[in-house]
Amino acid sequence: MKPVLTSLLALFAVQAFAAPDVVIYGGTSGGVAAAIQTARMGKTAILIEPTKFLGGLTTGGLGATDIGNKKAIGGISREFYANVFTYYADPAKWKQQTREQYYAKRPHGNSSTETTMWTFEPHAATEIYDAMLAKVKDKVTVVFGERLDLKKGVVKEGAKIVKIIMESGKEFEGAMFIDASYEGDLMAKAGVSYHVGREPNSQYGETINGLQLAGAKHHQFIKNVDPYVKPGDPSSGLVWGVTPMPEGKDGDGDHRIQAYNFRMCNTDDDSNRVPFPKPENYDEKQFELLLRNCEAGDPRHPWAPTPMPNRKTDTNNNFAFSTDMIGMNYDYPDADYATRAKIWKAHEDYQKGLMWTLANHPRVPEKIRAYYSQWGLAKDEFTDNGNWPRQMYVREARRMVGGYVMSEQNCKRRVIVEDSVGMGAYNMDSHHTQRYVTKEGFARNEGDIQIGVRPYPISYRSITPKADECTNLLVPVCLSASHISYGSIRMEPVFMVMGQSAATAAVLAIENGVELQKLDYAKLKAKLLADGQVLDFESPPMPEHVAFTKEQLGGIVVDDSEADLTGFSSEGHTTPGFVGQGYRHDGDSLKGEQKARFTPNLPAAGQYRVAIAYTALGNRAEKVPVIIHHANGEKTVIVNQKEKPTEKHNLMPLGTFRFEAGKTGWLEIRNEGTTGHVIIDAAQWLPAK
């Protein structure tokens, strides 16, 4: 049997290209959906993919589908996930385990009533896309290995694209064009406005865009790690990957974009495992901070392997030093192909080097080395690329500035557009953008934001340029959104939704003889709904986060951001009623290994009433030990964090104790012997009357 890729190339092999109705540049998940929809509406499409494979991240390792509320996904996108369900209903597709064994390890997996499946192997996604495209092969021509000429690649007449030109000299004409690439090259070369980097909060009336020195709390070092080449000596310079303290204040715009990585497909099945390879140009200096972090006793693993069928994973980043290559991608969006190739290779070498280091380096604790040595690359995936993912995770690159810019206000449903072409439902999610040295001389990451949303509609105007810039181009992937709102929209199922809607608009514009910006939205909406797209459903706006200040609590207050932490690196902002910028929790993990010490600077000796602040919820721990170290000894108080604190500002009194002046006393919250999430927020010392 021929490989899938070879058979697909043969299926769509052509020597001459007749002008289609729609030209789609970029064979990502959004591009594939656009091609299928064009054909289903009776029009012809050419799908141009610069590489030799289709599907982008969906076939490139991202099998743990990110979406949030799955009710928001319809149309061809939902059809794909229904096809995944059908694919894995076949017992022959299970090689390394059975379907039952897989779901036994996933207590929140599919129920017997579901007809979709949202986790899958890379090759399964490829087979499913191939099968979907094969049904429309009479109207869709797939062209591999053709890249847009970055100097003369777009020919326009006024505000209309006439044709696009590849590096090879091949030309493609069409009535409508869709840029479905992750980079937005066609959009940029067509003269359409776009943005790279983080906008200031002031630009779109946002609160979590721009620089995030105080707000970036996730994926941080749990112990202070020295970032200097010679520890303790700033004059020796900074180790690899660390930059000086950034200038500016929170909310200021800058050029930085969130980090990229590869979503590896790993396995611990020896019969299908390839040991992590050591890259030829391995540079140990890149991992000095990782090694110091290990030596400092951080027990956490810097990856997040989500189980996929057949004992495989979709492996993402996790914690402070991870598969994300922080700060090394700023030039990628606007770079030429040669520069992008260097950045791509640097990311590949870095991540391969990271995995080899974790499995082999003598400075990594033996327990951690033994763990990673059990893992490797899946031998039966990406067989044409040394078992390494063929797609780098370009989390954001260029973002169009079109007829409407989606913002934080849309994601929170405080502003609701009336020209929906699909929905977003994932958290506003930015990975870190930089690693810097603090004024205290320690390494810290900046840029990571995880803020919840309500399922929200995405504007048609956000996938169309301004009319004076281009009238026959749609941009469903590098669409018009601020940095932080794009962090929510940028999910593969949503790209498929946007790709289908873009193709629907393109075909309707052709049939009605109008420019895209003049298309009757009522007609577009009717067709989208007829084809199963979900445009909106009732959902309340996100509540404003109720937060208390230290001054409101009174007395002497120590916030979680000021506590001495061992663990407690996971941060939360979603449950209102916290003190300061948010709260931290133990992730319901590493029980007995995490603790937080709150040490006040008391102005005078005397009796103080001690209390802790926390937000109660059903997933909290019931038996949280809190140790109070006072002038007469220590006392342990057990707190049930499922129960709401008894006093205002979410304060739970623990008792009154005598303390000496200064910093001799403290309070420590631990997670030993607990089940559920242990919350740390703030501790209060109130002078007793």
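Visitor: Where is D336 found?
Guide: D336 is in the loop between β14 (312–317) and α9 (337–360). The model is predicted: local features need pLDDT of at least 70, side-chain atom pairs count only at pLDDT 80 or more, and totals for chains, interfaces and linings use all residues. Residues are numbered from 1 along each chain as its sequence is written, and side-chain values use heavy atoms, with hydrogens and water left out.

Visitor: Why does D336 count as partly exposed?
Guide: The relative accessibility of D336 is 41%. Buried means under 20% relative accessible area, exposed means over 50%, and partly exposed is in between (1.4 Å probe, protein chains only). The value of 41% falls between those limits, so D336 counts as partly exposed.

Visitor: How far from P307 is D336?
Guide: Their C-alpha atoms are separated by 36 Å, and the two residues are 29 apart along the chain.

Visitor: Why is N310 called buried?
Guide: N310 lies in the loop between β13 (303–308) and β14. Its relative accessibility is 1%, which is under the limit for buried, so the word applies.

Visitor: What makes the pair of N310 and K95 a polar contact?
Guide: A polar atom of the N310 side chain lies 2.6 Å from the backbone nitrogen of K95. A polar contact is a pair of N or O atoms within 3.5 Å; within protein, one must be able to donate a hydrogen and the other to accept it, and residues adjacent in sequence count only if both atoms are side-chain atoms. The distance of 2.6 Å is therefore within the limit. With its neighbours within four places in sequence left aside, N310 is in contact (heavy atoms within 4.5 Å) with K93, W94, K95, Q96, Q97 and E121.

Visitor: How do you know whether D586 is buried or exposed?
Guide: D586 has 2% relative accessibility, so it counts as buried. The residue sits in the loop between β29 (583–585) and β30 (595–598). Its side chain reaches the backbone nitrogen of V678 at 3.0 Å. Beyond the neighbours within four places in sequence, D586 has contacts that include F568, K591, Q594 and N671.

Visitor: What describes the packing of α2 and α13?
Guide: Two packed helices are described by the angle between their axes and the distance between the axes. For α2 (residues 29–40) and α13 (residues 492–512), the angle is about 35 degrees and the axes are 7 Å apart. Axes are lines fitted to C-alpha atoms, for helices over the stretch in contact, and angles run from 0 to 180 degrees between N-to-C directions.

Visitor: Which residues of α2 take part?
Guide: They are S29, G30, A33, A34, Q37 and T38, and the residues they meet in α13 include E492, F495 and M496.

Visitor: Why is L508 called buried?
Guide: L508 is in helix α13. Its relative accessible area is 9%, under the limit, so L508 is buried. Leaving aside neighbours within four places in sequence, its contacts are M41, L519, K523, L524 and K527.

Visitor: What makes β4 and β6 edge strands?
Guide: The open sheet has the order β4-β5-β6, with antiparallel pairing. β4 (154–157) and β6 (171–173) each have a single partner strand, so one side of each is without a neighbour in the sheet. The twist averages 25 degrees from one strand to the next.

Visitor: How many bridges join β19 and β20?
Guide: β19 and β20 (residues 443–446) pair in the antiparallel sense over four bridges. One of the bridge pairs is V437 with A443 in β20. The hairpin has five residues between the strands, and G441 takes a positive phi near 90 degrees there.

Note on methods. Helix = DSSP H or I, 4+ residues; strand = E, 2+ residues; numbered from the N terminus. Pairing = 2+ DSSP bridges.
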